[in-house]
Structures are given as C-alpha cells and as structure tokens.
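The sequence and structure come first.

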Amino acid sequence: MLDQLEQLPADPILGLSAACRADPNPDKVDLTVGIYMDEQGVCPVFEAIRQAQQALVAEEVSKAYMPPEGDEAFNRGMQRLVLGDDSPALADGRVSSVQTPGGCGALRIGAEIIHAATPGARVWISDPTWPIHIPLVGSVGLQFETYRYYDSAGHSVDFDGMVEDLKAAAAGDVVLLHGCCHNPCGADLAPGQWDVIAEMAERQGFTPFIDIAYQGLGDGLDQDAAGLRLMVERLPEVIVAASCSKNMGLYRERTGAAIFVCRDRRNASALTSHALTAARRLYSMPPAHGALLAGRVLAQDALRERWQAELLAMCRRINELRAQLRRQLEATTGGDFGFIDREKGMFSFLGLSPVQARRLREEHSVYMLDSSRINVAGVNAANIDYLARAVAAVF
Ligand code: LMR
C-alpha cells in the first residue's frame, strides 16, 4: 500500500532553506524562511522570554494537558494585544479565542470554522500570498478566488485592481487579508485603503479573515494592528489568525491564537464550542510551553516592557537594513530599489525573474525564493556587500 506513494516536491520555502544549509560555500546567504536573524546571523531568544522561561521552569509542577482552549492569561493577553486594550468588541464580550499551534494552527481552525458555517464559502486570497495559505485553508474543502494585490512593475499595492476584483466578493464569502508586513511582498494597505475595504465588507457582506503574523515588525505593535482594529470597529464579524513566532521569537514553540469577533456574546460562546471541536478533531490540545511564556510576558508589566523594547529594536533594525540594502543595491546595479525602503516587515521581492533567482543560488550561493522574495532580516553587515555584488552580477 505505502509503496504506491511517489516522492513529493520539496516545500517552496523550507526546501530552499534546507538546500542552503547543505551548501558548503562559506559565503552563502540564507534569505529564505521568515526568521529574524541578528547581526551574528543567529535567531535570538528574547530576554523577556528567557526570564519568563526561567520562572516557569522553577514553578512548573505538572505536565498535565492544557485546557483545550489553551492558557487563560495567553488568550486574554493576545486578545488585547491584537484588538487593543480599549476594544469595544472585547468590552461587549463578543470575542471568542483559542490558543493554537502557531499562526498556521489558527489559520486552520479559522478555515474549519468557515467551512462549518458555510461549506461552500469562497475564500478570496491576494495575488500573491503566502503559498502555504492554499493547502492550510484549501484542504478543509473551501474554494479560492484571487484578487489583484501587488503591481510588480510599480512595486506597490495595485489598489484599483484589488477593489475591482473584490467587488465580486459577496455575503458568505471570506476575504483573507494580511494584517501587516504582507508576505511575500511587504507592501501594505494605507489606512485610507483599509477604510475602503471595510466599507466594501459592510456593503457587500463578506467576512474578513486577517492573518497577522508580523505584528510589531512593520511600524510598531499598535500601528501594525490599526487596519485590523478598524475592521473590527466597523464590522460585526472578523476572523483573526495571530502568531507569536516572529514578534516573540517563539517559532519552534508553535504559539498562536485564533480570534473570532462575533455579533454577540451568545454567538461568541457557540464559536468557542466549534473551535474546540475542530481542535479536538485535529490535535486535541495545544502545546503548553510557548503560550505559558507569552502569557507571562503579556501579563507582567516588567516582562512586557522589556519585550516591547526588544521588539522595537528589531523593528528599527529591519527598517535600517531596508535603507542600507536599497543604497547598496542601487550602487551596484544602477537600478531603482526605493520600494525596499517603503515596504514593511521581513519580506520584499527584489523584482528578479526565477531564472535570476536560480542563478543567484547556483552561481553565488545566495538563497531566496524563486519569486525573488527575500527575508530582509537575513541581511547583516557581514553579507550585505557580497549580496549586493551577487545581485548585480545577475541583474
Ligand atoms: C515564511 O513565509 O517564510 C514563514 O512564514 C515561515 C513559513 O512557515 O513558511
């Protein structure tokens, strides 16, 4: 039976990261997976997380299962982090949330809920989007439509195209939006553009499903959630998938939250029952460690302040790297890379063809996705010259 299965192609992101790890070239540059790297090329543990971990290890007396909805302090902290301390939806008690295994788990639980509510729902995804959105959401049985999002020639959001395409999104449809730091293009909606999409959702009746995996790495924690909060303010229902992988560095601890803003309290309670039933079907209970750490960091003032300062430093460094990379690439290629400076978060497309991206890998050991998406946070003082010269060599 098992021998009928053929080898599948490698994952479009993790496969390239593995290829880079296997490359013996000491000058290799890994710009593949969205992981924050410091100047030494290390993905650091936040000091606030380290302190929370020491306290947890000293105090933990049991490894019994987590409650199926996850850690209470974590769920409360995540709701406030994402929706804002003063969120009227929170005050009204119409928010349901469960702890999930990473942002991926949250996306999957969100998709299961959509399918339970409207099995034929169409999910509108941006062109381009994070490639794993498709199997994560699609394998539940939902159908996809795409809306134009990135104008490769102008290196900016194709907002007219987006609005034109989303005119066809109707009640019962879901529109998947990137809360900030769009993956893969780094081009975000401006506040006025969020307004327009919120108005379309109000008028046409579609439900926003907002993936916010990079909160705090674009402009700041509150600024990065402003579009999402505007949607929550104006609409009766919003689905959110949040992640602590990047903004708390908890990648391997698989720490995320599925948050459902509902019409009323009763509906929020029903939503929790559906989310827990879906989780039980898929993985039963969420993992404990990351959420217990994040819950402490969010609940304890001293840890929270320390974490916010560390996150802000990361955010500033990414924005500084963007400015440096733009200067270096413009100097070596003579091209216009101003868009790198305007885009947000970890990712930007360099605007190279798949052939150029492959040549960078094969001839220079510079690894980026075939789409020329780079992880800006993989750039540092030691590799930026080499990277800029390599890009110029294939430009
Ligand atoms: C990425 O896009 O590189 C990250 O979200 C990591 C992943 O799981 O793909």
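A residue is called buried when its relative accessible area is under 20%, exposed when it is over 50%, and partly exposed in between (1.4 Å probe, protein chains only). By this scale Glu39 is partly exposed, with a relative accessible area of 33%.

The model is predicted: local features need pLDDT of at least 70, side-chain atom pairs count only at pLDDT 80 or more, and totals for chains, interfaces and linings use all residues. Residues are numbered from 1 along each chain as its sequence is written, and side-chain values use heavy atoms, with hydrogens and water left out.

## Domains and their interface

Domain bounds come from an automatic or database domain assignment. The chain is divided into domain 1 (10-44 + 316-394) and domain 2 (65-299). The C-alpha centres of domain 1 and domain 2 lie 28 Å apart. Contact, meaning heavy atoms within 4.5 Å, involves 20 residues of domain 1 and 20 residues of domain 2.

Buried area is the accessible area (1.4 Å probe) that two parts lose on being put together, summed over both. Between domain 1 and domain 2 this area is about 1600 Å², and carbon and sulfur atoms give 62% of it. Of the area that domain 1 buries against domain 2, Lys344, Phe347 and Phe349 supply 35%, more than any other three residues.

A polar contact is a pair of N or O atoms within 3.5 Å; within protein, one must be able to donate a hydrogen and the other to accept it, and residues adjacent in sequence count only if both atoms are side-chain atoms. Seven residue pairs (both at pLDDT 80 or more) are in polar contact between domain 1 and domain 2. Helices (H or I, at least four residues) and strands (E, at least two) are DSSP runs, numbered from the N terminus. On the side of domain 1 that touches domain 2, α13 (301-333), α14 (338-342) and β11 (347-349) each supply at least two residues. β11 gives the most to that side, with three residues. The residues of that side divide into 10 nonpolar, five polar and five charged. Here Ala, Val, Leu, Ile, Met, Phe, Trp, Tyr, Cys and Pro count as nonpolar, Asp, Glu, Lys and Arg as charged, and the others, Gly among them, as polar.

## Salt bridges

A salt bridge is a side-chain nitrogen of Lys or Arg within 4 Å of a carboxyl oxygen of Asp or Glu. The structure holds 23 salt bridges, and the count between domain 1 and domain 2 is one.

| Pair | N to O distance |
|---|---|
| Arg317 and Glu39 | 2.9 Å |
| Asp92 and Arg94 | 3.9 Å |
| Lys344 and Asp219 | 2.9 Å |

Lys344 lies in the loop between α14 and β11, and Asp219 in the loop between β8 (207-212) and α9 (221-224), so the pair ties together parts that are 125 residues apart in sequence. Asp219 is partly exposed at 41% relative accessibility. Salt bridges that share partners also join Arg108, Glu112 and Arg281 into one network.

Arg317 forms its salt bridge with Glu39; Arg317 lies in helix α13 and Glu39 in the loop between β1 (29-30) and α2 (47-59), so this pair ties together parts that are 278 residues apart in sequence. Arg317 is buried, with a relative accessible area of 16%. In the pair of Asp92 and Arg94, Asp92 is partly exposed at 44%, whereas Arg94 is buried at 13%.

## Arg361

Arg361 lies in helix α15 (residues 354-364) and counts as buried at 13% relative accessibility. Its side chain is joined to that of Asp370 by a polar contact of 3.1 Å. Leaving aside neighbours within four places in sequence, Arg361 is in contact with Leu16, Val366, Tyr367, Met368 and Asp370.

## Backbone features

Most residues other than glycine have a negative phi, and most peptide bonds are trans. The peptide bond from Asp127 to Pro128 is cis, with omega near 5°, and Pro128 is found in the loop between β3 (122-127) and α6 (133-138). The bond from Asn183 to Pro184 is also cis, with omega near 25°. Pro184 sits in the loop between β7 (174-178) and α8 (191-204).

Cys181 lies in the loop between β7 and α8. Phi of Cys181 is positive, near 50°, and the residue is buried, with a relative accessible area of 1%. Ser284, in the loop between α11 (265-282) and α12 (289-299), has a positive phi near 70°.
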